[in-house]
Amino acid sequence: MPFHEDDLDEAESTHFRSLTAAEAEGDERVVEAALRPRSLDEVVGQIRVRDQLGLVLEAARRRGRAPDHVLLSGPPGLGKTTLAMIIASEMGAPMRLTSGPAITHAGDLAAILSGMNEGDVLFVDEIHRMSRPAEEMLYMAMEDFRVDVVIGKGPGATAIPLDIPPFTLVGATTRAGLLPGPLRDRFGFTAHLEFYEPAELDLIVQRSARLLDVDAVADGTAEIASRSRGTPRIANRLLRRVRDYAQVRADGIVTLPVARAALDLYEVDQLGLDRLDRAVLDVLCRRFGGGPVGISTLAVAVGEERETVEEVAEPFLVRNGFLARTPRGRVATRAAWAHLGLAAPVLGADADATLFEE
Ligand SMILES: Nc1ncnc2c1ncn2[C@@H]1O[C@H](COP(=O)(O)OP(=O)(O)OP(=O)(O)O)[C@@H](O)[C@H]1O
Ligand SMILES: [Mg+2]
């Protein structure tokens, strides 16, 4: 199924559905869609990206043309899908939604592209997971707004060129490093989303609390923000879990003690490390003496997919100085040992230097 238009329709229409109803049904996706900022002005943080993107869109609007293709990269939950939807809505353009894994054949992509109208936004999520032939078709579509549709098989096959109206491709990836150079080069603007600062996450939690009608005091939202591992999606999720706790075990108000008690219960530690983050560090330190260890070995040891460890846990641990990538593998930093309450191994000055260097 090359199109996920259903998803889009649902995401759009649910915005107008009652949040409480969605909440009652426990539908996370619906709640997430409802909490999404709808315009660049509503986006919290990512100031540079917002500025740059705002300029790209404004310039395109003034020229009356579709904006350049945009690549959004960064760890999960930082706002890639949100920004893609905002690009379409700021341009007043319809958005088509698909994803790399959904495009298994070049024909799938040709079908999508041939149905596009001028100025449409095509959002390809997980663009790094597209098949090679589709990728090559996309190169031509991005650059020349043209694809070659191959009809028939074998020696009788003919390629029929097909013009596509100028459109804007918005690609999202958690792994910009996996994108082939020719694809990366065809994006006119690349935004790399960074983890959010606690103060920014606090604003996001406050905004979501308002939308969800949750009574929260300042140090309560700040506590949730500081434990959200730099990620808006996690901040919103933790807010809902703390809200549950406040309603069941307290008087419904999200205060500092309530937030602390709830987050302890859900095993989110003071620095926001969740169970997987801690498992990675734990295995690295206790089983492998701090490393270096290859990422695959590490993934097997914690019982997770390699991709999950690499795309979800690692960026956060590296960014926060718990994990370092070296040519020989991942190593635990002093901060990791300290966070686990373990004594870092005494290996002598030389070994220590290599073990702890970036
Ligand atoms: N800058 C922001 N300001 C406010 N809320 C945000 C922001 N970025 C993301 N969010 C919230 O976080 C949620 C997750 O964001 P989004 O779905 O855009 O992440 P993503 O980068 O596409 O993640 P994935 O890689 O898993 O697809 C959204 O529902 C939205 O409510
Ligand atoms: Mg997304």
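Which residues does Tyr196 touch, not counting residues up to four places away in sequence? Here are a few points on this predicted model, starting there.

1. Leaving out residues up to four places away in sequence, Tyr196 touches Gly45, Leu201, Gly230 and Pro232. Tyr196 sits in the loop between E7 and helix H9 (198-211). Tyr196 counts as buried because 25 other C-beta atoms lie within 10 Å, and the cut-off for buried is 20 or more.

2. With 18 other C-beta atoms within 10 Å, Arg186 is partly exposed. Its contacts, again not counting residues up to four places away in sequence, are His69, Tyr139, Met142 and Glu143.

3. Both residues carry an annotation: the unreviewed UniProt entry lists "binding site" positions that include Arg186 and Tyr196, along with Lys80, Thr81, Thr82 and Glu143, among others. The annotated positions span 199 residues in sequence, and their farthest two C-alpha atoms are 37.0 Å apart, so they do not all gather at one spot.

4. Now to ligand 1, which has 20 residues around it, the closest being Pro76, Gly79, Lys80, Thr81 and Thr82. By type, this shell holds eight nonpolar, eight polar and four charged residues.

5. Where does the shell around ligand 1 come from? At least two residues are supplied by each of helix H3 (28-35), helix H5 (80-90) and helix H11 (232-249). Domain 1 (44-192) and domain 2 (199-266) both contribute to the shell, so ligand 1 lies between them.

Technical notes
Residues numbered from 1 in each chain as written. Chains lettered and ligands numbered in written order. Predicted model: local features only at pLDDT ≥ 70, side-chain atom pairs only at ≥ 80, totals over all residues. UniProt positions renumbered as here; feature names shortened; annotations may be inferred. Buried ≥ 20, exposed ≤ 12 C-beta atoms within 10 Å, placed from the backbone. Contact = placed C-beta atoms within 7 Å. Helix = DSSP H or I, 4+ residues; strand = E, 2+ residues; numbered from the N terminus. Near = placed C-beta within 6 Å. Nonpolar A, V, L, I, M, F, W, Y, C, P; charged D, E, K, R; others polar. Domains from an automatic or database assignment.
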